[in-house]
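Trainee: I would like a close look at one part of this model. Please take me through it step by step.

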Amino acid sequence: MDCFMNLTQGSCSITLYHDDAALNKARFYRIDLSTNLWGEQIVERHWGRRGTWGQHRRATFGDSASAVKAMLKTLQAKLARGYSLVDGTGISEVGRADQKQ
(Lines give C-alpha, C1' and ligand atoms only; values in the text may rest on other atoms or scores of the structure.)
Protein backbone atom coordinates (compact mmCIF):
# COMPACT_ATOMS: atom_id res chain seq x y z
CA MET A 1 0.00 0.00 0.00
CA ASP A 2 3.04 2.29 0.23
CA CYS A 3 2.76 3.19 -3.44
CA PHE A 4 -0.83 4.42 -3.14
CA MET A 5 0.05 6.44 -0.07
CA ASN A 6 2.70 8.20 -2.16
CA LEU A 7 0.10 9.14 -4.78
CA THR A 8 -0.90 12.10 -2.63
CA GLN A 9 2.73 13.25 -2.84
CA GLY A 10 2.74 12.72 -6.60
CA SER A 11 5.09 9.76 -6.97
CA CYS A 12 4.67 6.05 -7.51
CA SER A 13 6.35 3.22 -9.41
CA ILE A 14 4.78 -0.16 -10.22
CA THR A 15 6.62 -3.03 -11.90
CA LEU A 16 4.90 -6.02 -13.51
CA TYR A 17 6.32 -9.19 -15.09
CA HIS A 18 4.79 -11.67 -17.52
CA ASP A 19 6.76 -14.91 -17.79
CA ASP A 20 5.82 -18.02 -19.75
CA ALA A 21 8.69 -20.41 -20.48
CA ALA A 22 6.56 -22.54 -22.84
CA LEU A 23 5.92 -19.51 -25.06
CA ASN A 24 9.40 -18.00 -24.51
CA LYS A 25 7.87 -14.91 -22.89
CA ALA A 26 9.82 -12.83 -20.41
CA ARG A 27 8.25 -9.37 -20.41
CA PHE A 28 8.27 -6.41 -18.08
CA TYR A 29 5.99 -3.40 -17.73
CA ARG A 30 6.69 -0.47 -15.43
CA ILE A 31 4.38 2.47 -14.69
CA ASP A 32 5.82 5.57 -13.03
CA LEU A 33 3.90 8.56 -11.69
CA SER A 34 5.79 11.76 -11.03
CA THR A 35 5.43 15.54 -11.04
CA ASN A 36 7.37 17.85 -13.35
CA LEU A 37 8.72 21.32 -12.52
CA TRP A 38 5.45 23.00 -13.52
CA GLY A 39 3.30 20.85 -11.22
CA GLU A 40 1.88 18.65 -13.99
CA GLN A 41 1.48 14.94 -13.35
CA ILE A 42 3.45 12.59 -15.61
CA VAL A 43 2.62 8.92 -16.19
CA GLU A 44 5.54 7.18 -17.85
CA ARG A 45 5.26 3.61 -19.12
CA HIS A 46 8.23 1.34 -19.92
CA TRP A 47 7.75 -2.09 -21.48
CA GLY A 48 9.61 -4.79 -23.35
CA ARG A 49 11.44 -8.06 -23.06
CA ARG A 50 13.25 -8.53 -19.76
CA GLY A 51 16.95 -7.83 -20.13
CA THR A 52 16.43 -5.15 -22.81
CA TRP A 53 15.94 -1.38 -22.69
CA GLY A 54 12.45 -1.78 -24.09
CA GLN A 55 10.27 1.12 -25.14
CA HIS A 56 8.66 3.98 -23.27
CA ARG A 57 5.87 6.48 -23.58
CA ARG A 58 5.09 9.53 -21.47
CA ALA A 59 1.73 11.25 -20.91
CA THR A 60 1.23 14.56 -19.10
CA PHE A 61 -1.90 15.39 -17.09
CA GLY A 62 -3.04 18.67 -15.59
CA ASP A 63 -4.32 17.14 -12.37
CA SER A 64 -3.44 14.16 -10.22
CA ALA A 65 -6.91 12.57 -10.43
CA SER A 66 -6.62 12.14 -14.21
CA ALA A 67 -3.08 10.78 -13.92
CA VAL A 68 -4.01 8.25 -11.24
CA LYS A 69 -7.07 7.18 -13.25
CA ALA A 70 -4.90 6.54 -16.34
CA MET A 71 -2.32 4.70 -14.25
CA LEU A 72 -4.92 2.42 -12.64
CA LYS A 73 -6.60 1.74 -15.99
CA THR A 74 -3.26 0.60 -17.43
CA LEU A 75 -2.55 -1.49 -14.33
CA GLN A 76 -5.91 -3.26 -14.54
CA ALA A 77 -5.43 -3.97 -18.25
CA LYS A 78 -2.00 -5.52 -17.67
CA LEU A 79 -3.21 -7.64 -14.76
CA ALA A 80 -6.06 -8.90 -16.95
CA ARG A 81 -3.51 -9.91 -19.63
CA GLY A 82 -1.56 -12.12 -17.22
CA TYR A 83 1.06 -9.75 -15.81
CA SER A 84 1.80 -10.06 -12.12
CA LEU A 85 3.06 -7.49 -9.64
CA VAL A 86 6.68 -7.71 -8.61
CA ASP A 87 7.19 -8.11 -4.88
CA GLY A 88 8.34 -4.91 -3.23
CA THR A 89 6.00 -2.60 -5.14
CA GLY A 90 3.95 -2.28 -1.98
CA ILE A 91 0.60 -2.92 -3.67
CA SER A 92 0.40 -6.69 -3.99
CA GLU A 93 -2.78 -6.75 -1.90
CA VAL A 94 -4.45 -4.22 -4.21
CA GLY A 95 -3.30 -6.11 -7.29
CA ARG A 96 -4.91 -9.32 -6.06
CA ALA A 97 -8.14 -7.47 -5.34
CA ASP A 98 -8.14 -5.96 -8.86
CA GLN A 99 -7.66 -9.41 -10.41
CA LYS A 100 -10.75 -10.77 -8.63
CA GLN A 101 -13.05 -8.05 -9.99
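Which residues do ring pairs link into a cluster?

Mentor: This is a predicted model, so read every value as computed from it. Ring pairs join Tyr29, Trp47 and Tyr83 into a cluster. A search of the whole structure gives 2 aromatic pairs.

Take Tyr29 and Trp47 to begin with. Their ring centres are 6.1 Å apart and their planes meet at 20°. Stacked pairs need planes under 30 degrees apart, so this pair is stacked. Tyr29 belongs to strand β2 and Trp47 to strand β3, so the pair ties together parts 18 residues apart in sequence. Tyr29 is buried, at 4% relative accessible area. Trp47 has 23% relative accessibility and counts as partly exposed. The cut-off for buried is under 20%.

Now Tyr29 and Tyr83. The centres of these rings lie 6.2 Å apart, with the planes at 75°. Edge-to-face means over 60 degrees, so this pair is edge-to-face. Tyr83 sits in the loop between α2 and β5, while Tyr29 is in β2, so the pair ties together parts that are 54 residues apart in sequence. Tyr83 is buried, with 8% relative accessibility.

Next, the surroundings. Strands β2 and β3 belong to an open sheet of 5 strands, in the order β4-β3-β2-β1-β5, with antiparallel pairing. The edge strands are β4 (55-61) and β5 (84-85), and each pairs on one side only. β5 pairs with β1 in the antiparallel sense over 2 bridges. There, Tyr17 stands opposite Ser84 of β5. Helix α2 packs on the sheet and touches β1, β2, β3 (41-49), β4 and β5. The direction of α2 makes about 170° with that of β2.

Tyr17 has an aromatic ring too. The charged end of Arg50 sits over that ring, 3.7 Å from its centre.

Among the residues Leu16 touches are Tyr29 and Tyr83. Leu16 also touches Ile31, Leu75, Ser84 and Leu85, among others.

Leu16 is part of the largest nonpolar core, which has 14 residues. Ile14, Leu16, Ile31, Leu33, Met71, Leu75 and Leu85 touch the most other members. β1 (12-20), β2 (25-35) and α2 (64-80) each supply at least two residues of this core. The largest share, 5 residues, comes from α2.

To recap: Tyr29 pairs with Trp47 in a stacked arrangement and with Tyr83 edge-to-face.

Note on methods: Residues numbered from 1 in each chain as written. Predicted model: local features only at pLDDT ≥ 70, side-chain atom pairs only at ≥ 80, totals over all residues. Heavy atoms only, no water. Core = buried A, V, L, I, M, F, W, Y, C linked by side-chain atoms within 4.5 Å. Buried < 20%, exposed > 50% of the residue type's maximum accessible area, 1.4 Å probe, protein only. Helix = DSSP H or I, 4+ residues; strand = E, 2+ residues; numbered from the N terminus. Contact = heavy atoms within 4.5 Å. Pairing = 2+ DSSP bridges. Axes fitted to C-alpha atoms, helices over the stretch in contact; angles between N-to-C directions. Phe/Tyr/Trp six-rings, centres within 6.5 Å; stacked < 30°, edge-to-face > 60°. Lys NZ or Arg CZ within 6 Å of the ring centre and 35° of its normal. Lists of a residue's contacts leave out its neighbours within four places in sequence.
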